[in-house]
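Biologist: I have a model open and would like to learn how to read some of its features. Could you walk me through them?

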Amino acid sequence: MRESDWRVTWDHGGESPVVMLDLGDLMPDEIGRQGSQATALIRPDGALSGIAAGRGNAQRSLEFTRLDEHDTAADASDACDAELLAAPWGAKQLLSVRPRDGVARFYRAALSGSSHAPVPGSPVPRSSHAFQFRVSPVTAVVLPGGLVVTGGYYNDPETYVFPELPDGVSLPPGSTVEISGPGGDEGWYSTGGTGLPAGGSGGVPVTATDAPGPPTAPVLVSAPTISGDPYPGEILLRVAGTWTGASSIAGVWLRNGAPDGYGATYFIPEPAEIGEVIVFREAATNEVGTTLANSNTITVEEPPFENLTPPSISGTPQVGETLTRTAGTWQSEDSVTGEWYLDGAATGETGATYTIPETAEIGDEILYRETAMKSGSPDLTADSNVLTVAGGSNLVTAPSIERVDDAYNFASRIAGTWSGSPLFVSGEWYRNGAATGSTSATVNMAGPSGAGPGDVWIYRETAYFPGGATETADSNSITIGAFGVVRVPVIAVRTAPSQLEVTVVAQIDGLPDSVTNYWITDRGYSGSGAGYHVGDTYQKRGNVIHRTVATRGGATVTTDSNSIEIPDP
């Protein structure tokens, strides 16, 4: 922060700033444009030493000499004197010098004196002008926004600061200001009280604050990072860095130092980029400037020749069944072949499916082996999971049995289905766990001696496979209940009001000895038959029902259907 064109550098020791002063900084351009230079060394303690151009040093005071060639005529000399006296040089320039550590210090340079005299011994009339300038530290207050207020003063910084504010500038309570100069503690302070209005002046109470130093460019807390497999086609992800003091952060992917994508959270290298260096660069910016930070670097590499996922096989490992393989995945391979293995020996089968032959035995292991090849590299192999030939179930659907509606003591079976290509399948009815010798599609459950309520019936199938393997499967069971009605009959009109039929047959449990079905009317008619034709007789009209009567060992049960009324013609 400078209020003049003075040039500020650092001495070789890095301890003190060095200020280069041109006469043009402190004098009117028409006088100072050809003037000499001087150097002011501002030490860390704020003291000054001067090295004048062609002259000696003076603590806290620098002297400059300028030779101005003109004759000694009174009018020329008087004009020069008048010009010097008219120039408003006092307190002309203000310089702020901020050490590498600590608060800024402010200095003024002003004309302290001048002289004008002929140059003795000159073959040509010449006049010599000598100008004396003083560089002095001053008290200054830096307001919010960087505005420097001088000409004010302060007492003990824990009490009051007395700034003089220009028009349009105010100092609200709670403002952070920087105080520097001789006569007190330098540093950052927070203003209290009511502050000062724009253009005002006066005392403002201040207290020391932990406010940071002057604004700086953003500061990096942690650098961005990138991660991922360094191979073409793989995704490199970046994690943003963390900053303090940044108003905006932008980023760019760099490939060999050249931009290749802005802001994206990922970067995917291409095969042509093998050997190139990838980095992510962030630029954090605020009103002071921009700070750059690079992530770690990743060099794109050729992917290694390797198996990523082995092949796999699935299916039922039984003789006659077909297994299916899913190919494995490889990286950087030139070609891949595969073959099925049975009990450790190559089968010659290379397809996507394999049918287990009849020669396979229980316990044989089956796998699929892939071999990958790449020029210049040894071949690689990868084996699938292993399936062991088993004598497990080949049953697809079990047999099932059900009672026959219109034959109360009979049951019928539906055959099961099998995989594994059985040679043949046999079946037999079982009563209470014992074979009955009946293999037919239906069975009379009342037939065996002693049959009755409580009996449990099933149908058992046996499948015979190549190599002598067998497997059995049982149907669902039917349990004979107590003697009684399980389901009542239902009748309905068939095609005309004079024709009726039984739509739901009565079901009698308990293995009845006899079952009789007949039609009756409330006019005294009674007759058998599955259907009912009314005709023209009076007795066959009126309310009609279908009745089922069953007997067993002297006991009788009767069940009637719903009633349908047949009107007279």
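Predicted model: local features only at pLDDT ≥ 70, side-chain atom pairs only at ≥ 80, totals over all residues.

Biologist: How should I read a phi angle?

Modeller: Most residues other than glycine have a negative phi. Here, Asp343 has a positive phi, near 55 degrees, and Leu511 also has a positive phi, near 55 degrees.

Biologist: Where is Asp343, and is it buried or exposed?

Modeller: Asp343 is in the loop between strand 30 and strand 31. Its relative accessibility is 52%, so Asp343 counts as exposed, the cut-off being over 50%.

Biologist: And where is Leu511 found?

Modeller: Look in the loop between strand 49 (507–509) and strand 50 (514–521). Leu511 is buried, with a relative accessible area of 2%.

Biologist: Now the rings, please. What describes an aromatic pair?

Modeller: The distance of the centres and the angle of the planes describe it. In this model the count is eight aromatic pairs. In one of them, Trp253 and Phe280 have ring centres 5.1 Å apart and planes at 70 degrees, so the pair is edge-to-face. Trp253 belongs to strand 20 and Phe280 to strand 23, so the pair ties together parts 27 residues apart in sequence. Trp253 is buried at 1% relative accessibility, and Phe280 is buried with 1% as well.

Biologist: Which residues do ring pairs link into a cluster?

Modeller: Trp253, Phe267 and Phe280.

Biologist: Which charged end sits over the ring of Tyr430?

Modeller: That of Arg460, 4.4 Å from the ring centre. Likewise, the charged end of Lys540 sits over the ring of Tyr532, 5.1 Å from its centre.

Conventions
Residues numbered from 1 in each chain as written. Heavy atoms only, no water. Helix = DSSP H or I, 4+ residues; strand = E, 2+ residues; numbered from the N terminus. Buried < 20%, exposed > 50% of the residue type's maximum accessible area, 1.4 Å probe, protein only. Phe/Tyr/Trp six-rings, centres within 6.5 Å; stacked < 30°, edge-to-face > 60°. Lys NZ or Arg CZ within 6 Å of the ring centre and 35° of its normal.
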